[in-house]
Amino acid sequence: MVLVCSPSRGGWKPRPPPGLYSPGRGCGDGFRFRWGGGVFPVPVGAGAGMARSTLSSRFRRLDIDQYDENRFVEEPEEAAAAEPDAGPEVEALLRRGDALRAFHTAIRSSPANAKSQAMKEQAQGTMLKVLTSFKSSEIEQAVNSLDRNGVDLLMKYIYKGFEKPTENSSAILLQWHEKALAVGGLGSIVRVLTARKTV
């Protein structure tokens with residue numbers, strides 16, 4: 001395609017391609033372009049408008065990743081608050097047969113922000129004791145009572161339990177994993193495996 005200018009007098013004058021054309025250079029009645037044997041008129045300023053539209057489109061960006069539920073967003077570091085040991089309270093609730101309340105207490109007091117490995121291991125033991133105290137028919141209700149962050153935190157403890165299995169714990173943790181996966185989806189697994197904060 002060859003872009004040519006059609007002034008009031010004179011012959012055809014070649015001009016740069018669209019986007020590089022600048023109006024006001026002797027093209028009072030517009031310009032035309034040839035394609036094959038035809039000549040097609042284009043209004044004055046159309047090429048410049050096209051160029052401005054192309055340039056301005058650089059600033060129109062839509063981040064479609066923000067709508068991806070599997071997207072991992074790195075959380076900023078926060079100062080860890082000193083959390084009291086919830087072990088005694090959880091064990092007392094388990095002795096009374098209130099496994100669901102013990103479960104919520106263990107989740108709420110999880111020292112995810114703590115830097116003390118001893119504190120984390122203590123919480124791991126408490127959580128594993130809670131998870132293994134549930135009956136199979138009660139697991140789904142417990143998982144459904146959590147929000148997304150709670151399901152992700154539960155997933156972390158499930159995987160930690162797989163790393164340090166005890167007698168019959170793996171079979172029970174598999175049931176928890178099945179129910180947590182049904183609620184949190186694959187996005188929960190991705191977030192847990194890529195998270196910087198561990199339990």
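Figure 1. Val130 is a residue of helix H4, where helices are DSSP runs of H or I with at least four residues, strands are runs of E with at least two, and both are numbered from the N terminus. With a relative accessible area of 0%, Val130 is buried; buried denotes under 20% relative accessible area, exposed over 50%, and partly exposed the range in between (1.4 Å probe, protein chains only). The C-alpha atom of Val130 lies 7.9 Å from that of Val90, although the two residues are 40 residues apart along the chain. The model is predicted: local features require pLDDT of at least 70, side-chain atom pairs are counted only at pLDDT 80 or more, and totals for chains, interfaces and linings use all residues. Residues are numbered from 1 along each chain as its sequence is written, and side-chain values use heavy atoms, with hydrogens and water left out.

**Figure 2. Overall arrangement of the protein chain.** The protein chain contains four strands and seven helices. Along the sequence, their order is β-β-β-β-α-α-α-α-α-α-α. Of the 199 residues in the protein chain, 33% are buried.

**Figure 3. Salt bridge between Lys129 and Glu91.** The structure holds four salt bridges, each defined as a side-chain nitrogen of Lys or Arg within 4 Å of a carboxyl oxygen of Asp or Glu. One of them joins the side chains of Lys129 and Glu91, with an N to O distance of 3.1 Å. Distant parts of the chain are linked by this pair, since Lys129 belongs to helix H4 and Glu91 to helix H2 (residues 87-95), 38 residues apart. Lys129 has a relative accessible area of 42% and is therefore partly exposed. Glu91 is also partly exposed, with a value of 33%.

**Figure 4. Salt bridge between Lys179 and Glu140.** The side chains of Lys179 and Glu140 form a salt bridge with an N to O distance of 3.9 Å. Lys179 is partly exposed, at a relative accessible area of 26%. Glu140, at 43% relative accessibility, likewise counts as partly exposed.

**Figure 5. Salt bridge between Asp152 and Arg191.** In the salt bridge of Asp152 with Arg191, the closest N and O atoms are 2.8 Å apart. Because Asp152 lies in helix H6 (residues 148-163) and Arg191 in helix H7, the pair ties together parts of the chain that are 39 residues apart in sequence. Both Asp152 and Arg191 are buried.

Figure 6. A pair of aromatic rings is described by the distance of the centres and the angle of the planes. Rings of Phe, Tyr and Trp (its six-membered ring) are paired if their centres lie within 6.5 Å; planes under 30 degrees apart count as stacked, those over 60 as edge-to-face and the rest as tilted. Four aromatic pairs occur in the structure. The ring centres of Phe134 and Trp176 are 5.1 Å apart and their planes stand at 80 degrees, so this pair is edge-to-face. The pair links distant parts of the chain, 42 residues apart: Phe134 is in the loop between helix H4 (117-131) and helix H5 (136-144), and Trp176 is in helix H7 (residues 169-194). Phe134 and Trp176 are both buried. Ring pairs join Phe103, Phe134 and Trp176 into a cluster.

Figure 7. Arg95, Arg96, Arg101 and Arg108 form a positive surface patch. Patches consist of residues with over 30% relative accessible area and no salt bridge; like charges are joined within 9 Å, and nonpolar side chains (Val, Leu, Ile, Met, Phe, Trp, Tyr) within 5 Å. Arg101 is located in helix H3 (residues 99-108). Its relative accessibility is 48%, so Arg101 counts as partly exposed.

**Figure 8. Glu121 in helix H4 and its distance to Pro111.** Glu121 is placed in helix H4. This residue counts as partly exposed, at 41% relative accessibility. Glu121 and Pro111 are ten residues apart along the chain, and their C-alpha atoms are separated by 9.7 Å.

**Figure 9. Backbone of Asn168 in the loop between H6 and H7.** Asn168 is situated in the loop between H6 and H7. The phi angle of Asn168 is near 65 degrees, a positive value in a residue other than glycine. With a relative accessible area of 58%, Asn168 is exposed.

Key
Areas by Shrake-Rupley, 256 points an atom, 1.4 Å probe, with all protein chains shown as cover. Lys, Arg positive; Asp, Glu negative; His and termini not counted. Charge placed at Lys NZ, Arg CZ, Asp CG, Glu CD.
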